[in-house]
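Reader: I am new to this structure and would like a guided look. Could we begin with the ligand and then turn to the strands?

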Amino acid sequence: MRTSARVVVIGGGIAGCSTLYHLTQEGWSDVMLLERNELTSGTTWHSAAQVTNFGMNQTMVGLKSHSIRLYKELAEDPDYPITYHHGDGGIRLANTERVMEGYRHFASMARGMGVEFEVIDAAECERRHPLITQGNLLGGLWDPLDGDIDPAQLCQALVRRARKAGAEVYRQTPVTALRQLPDDSWIVSTPHCDIQAEIVVNACGYRVNEVGAMMGVHHPVASMEHQYLLTEEIPAIRDAGHRMPLIRCPIDDFYCRQEKNGLLVGFYEQDCRTWGMDGIDPHFVNALCPDDLDRVTDVFEGAVARIPALGEVGIHTVINGPITYTIDGAPLVGPVPGKRNVFCIIGLRAGLGEGGGHGWLLAQMIVHGEACYDTWILDPRRFTAHGTAELTALKAIEDYQNEFRFHFPHEHRPAGRPVKTTPLYPVLEAEGAVFDVVNGWERLAYIRPDAAFKETHDFRFNETFDVLARDVAAVQSGVGLTEVNGFNRIEITGSGAREWLDGLVCGKLPRRAGRVGLTYLLNDKGCIKSEATLAWLDEDTIWYGSAAAAEWHDFDWLSAHLPKDGNVSLRALTNEMTILLLAGPKARAVLGLVARGDWSASAFPWLSVRRAYVGIAAAVVMAVSYSGEEAFEIHVPISQSLSVWRALRVAGADHDMCLFGSRAIDSMRLEKGYLHWKADLITEFDPFEAGLDRFVDLDKAFLGKHALMARLGSAERRQLVTLAVETDVAPAHAGASVMVVGRVVGTVTSGDWGHRTGLNLALAYVLPEHAAVGTAVSIDIIGLDVPARVIAASPYDPDNRRLRALDT
Ligand SMILES: Cc1cc2nc3c(=O)[nH]c(=O)nc-3n(C[C@H](O)[C@H](O)[C@H](O)COP(=O)(O)OP(=O)(O)OC[C@H]3O[C@@H](n4cnc5c(N)ncnc54)[C@H](O)[C@@H]3O)c2cc1C
């Protein structure tokens, strides 16, 4: 057995096999897979192994398309053909118009990835799947490439190819310990020998946290028991002359596919159960949990009502096995937070369908530092310290119970909430607050107009339209107060801080102490990694502020690039501080009532920062705005937020101060053309494509500059544009396809109504030939072909006169 490898992949299920194979495809052959038992002896061996192309965002659709392409290629390999049914097609059912509209949105989004879904009515569903009934059915989404694959053959085929390319696979080789050396390489211990590896990959399925513990990490992954059954032969299937399409049913929480001449039917029962929370028997290998069909009676009855033939046929096998879930249902594929040279590919709940694609993206991340798609929706750093085992279990149960029910826009499900709050949570709740969840934080979205108000989550504009119009008008004409909690904040200190940061961001740093600047950090490909507001507080202290979600992501990036001489230090302040935000033309007057000193526009202009007492609290005040109105961020210790809030409420009383929330800000920021990290700012585009030319200084050296220069001539590039969308029915949702005479020319990244401009606005990356102001396009919004035109990037106050407190 070899005692060193560039990469050691731990675990021989689909996740590990796919990663190993793709590493060799990316050109790394000095790679090794260690499996404690036999390949596929975890969850993979008993998987129902359905392979769909359906995903809820473009990265998911793209990676699933890769799986399908790869699996077809493997199936057709004459040397080792494998069983893959990839033309059966599949239908996701719906019994409400809201869900049908969701499917139309997902079809629009998938079209941008070259995938054609079809939204069909109930009669067509029955025509394509003659065993189903039409009762309580409106229609469904048709995925033409849906199918199923033999899981063991798939893994063997991947390993076979990886071995041919130089990879090694050791079975019956459990990893028993992991130790990191000072050069960040790893010693991987097994009963046979120790192996030195530059990089380690955790692909251990439901044993993810056994291996996590070996490196001092807890991953937010929990297992659920999951059952399917196999029926005896059904004559109608035997005699059909074609294979039956797959069915996924969010109405009755089951799925169904053909297996031989019978059916395989799986259930997502409400009375579901976590598994392995108190540890996993080391002998649970190639094993199943005990059958428990009583638990699925409710969903079984629904399945029989939809497929009556199920009620007339015998059951010959029941499979009950553990399946892994994360906090939001998507896997964790990427770097392990806070660690060097270790990656994971875990929490796969649909690993057979997705595994090909996940291994592909992970191998790219390992070899090239970044994948071809933005992988934030898979990034292990999207959950932070709140991702405990208990929260994960609650969210896993909730997700399992809603397996086929996608999230509507702004839908945040209740399990485990509130996870993270500040002292203002009950205060805002008493005011009628509705909260959205950002990195676990409950953040004020808006205040309900009355106690009976209830939001219907929808792809169309909903009841909140008038509420947000009210909030925006109040902020535009007077002053609004809100809390922006969870905002990511890192204190950077040391004599080398400025010089170091200057090499990390692609634009100019704030000119002097007391100034704030917006900056961008690029990756090694010259594309956008992060967006940071840098506030130069005093001589050697700079605050780095970024999106709440970026807490661990950005800290990892900054830590990884720290100079070795110790001249720069980082301190995370995110969980110590919160922001109280005043916005609107009267904000300055209110600020002046709670803090001593000269707060006039000449003494404290836009993009200033100052330490001050606000009320009784030592605060940092910044004149920065994400709304386009004059605004002041008051950064205070969380422990003093209530005290400062009360002071601001008293001071604002004479100015008719309103409370507003993040939804109004999100609408206003679009009118200013301000971008949102991981919506409009993703690793697939460089700052010039994002229209951020003024934030790039090509006269200096910075990380990613050479790659950025090299990208400039690429034919693949896109341009971010602002679109005025000619409908008041629905916003253009992220992912919607931008079309010109039936051809996809771009993809929407954000959309919302601009209440100050009266425009339905969208941001989209389009082919450069469609980027000129005035260009006519259309957008497929929930199946409607909506005309739109390119307009200038900042339709509200383009000269920033309001931010500068100049006459408008
Ligand atoms: C009943 C059921 C039906 C399913 N149906 C579908 C479906 O239709 N479509 C779909 O896409 N997905 C489906 N899934 C999910 C899918 O099967 C899983 O997502 C997938 O198999 C997970 O693969 P994995 O490689 O992550 O984990 P596993 O297959 O569990 O592999 C992990 C491997 O790591 C090894 N390992 C663990 N610890 C160590 C160690 N210390 N050292 C060395 N090796 C170690 C284990 O022995 C194991 O072989 C289903 C799951 C279940 C339970």
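**The ligand and its surroundings**

Author: In this predicted model, an oxygen atom of the ligand has a backbone N or O atom of Ala 350 at 3.0 Å.

Reader: How much of the ligand does the protein bury?

Author: The protein buries 97% of the 1000 Å² that the ligand exposes when taken alone.

Reader: Which elements give two or more residues to the shell around the ligand?

Author: They are helix H1 (14-25), strand E13 (222-231), strand E18 (315-325) and helix H9 (351-368).

Reader: And how many residues surround the ligand?

Author: There are 39, and the closest are Glu 35, Thr 44, Gln 50, Leu 348 and Gly 353.

Reader: Which atom of the ligand is 3.0 Å from a backbone N or O atom of Val 175?

Author: That is a nitrogen atom of the ligand.

Reader: Let us change topic. What does the UniProt annotation say about residues 718-797?

Author: The unreviewed UniProt entry annotates residues 718-797 as "domain: Aminomethyltransferase C-terminal". In the model, the chain over residues 718-797 is 56% strand and 0% helix, with its end C-alpha atoms 26 Å apart.

Reader: How do strands E38 and E39 run, parallel or antiparallel?

Author: Strand E38 (residues 776-781) and E39 run antiparallel and are joined by 6 bridges. One of the pairs is Ala 776 with its bridge partner Arg 789 in E39. E38 and E39 form a hairpin with 2 residues between them, and Ile 782 in the turn has a positive phi of about 40°.

Reader: Which residue of E39 stands opposite Val 725?

Author: Ala 788 does. Strand E34 (residues 719-725) is joined to strand E39 (residues 784-791) by 4 bridges, and the two run antiparallel.

Reader: What is the order of the open sheet with 6 strands?

Author: The order is E30-E31-E32-E29-E23-E33, with mixed pairing. Strand E30 (609-614) and strand E33 (658-659) each have a single partner strand and stand at the edges, so one side of each is left without a neighbour in the sheet.

Reader: How many bridges join E23 to E33?

Author: Strand E23 (residues 480-484) is joined to E33 by 2 bridges, and these strands run parallel. Leu 481 stands opposite Leu 659 in E33.

Note on methods
Residues are numbered from 1 along each chain as its sequence is written. This is a predicted model: local features need pLDDT of at least 70, side-chain atom pairs count only at pLDDT 80 or more; totals for chains, interfaces and linings use all residues. Side-chain values use heavy atoms; hydrogens and water are left out. Two strands pair if DSSP finds at least two bridges between them. UniProt positions are given in the numbering used here, feature names are shortened, and annotations may be inferred rather than shown by experiment. A residue is near a molecule or strand if one of its heavy atoms lies within 4 Å of it. A polar contact is a pair of N or O atoms within 3.5 Å; within protein, one must be able to donate a hydrogen and the other to accept it, and residues adjacent in sequence count only if both atoms are side-chain atoms. Accessible areas come from the Shrake-Rupley method with a 1.4 Å probe; for residues, only the protein chains shown count as cover.
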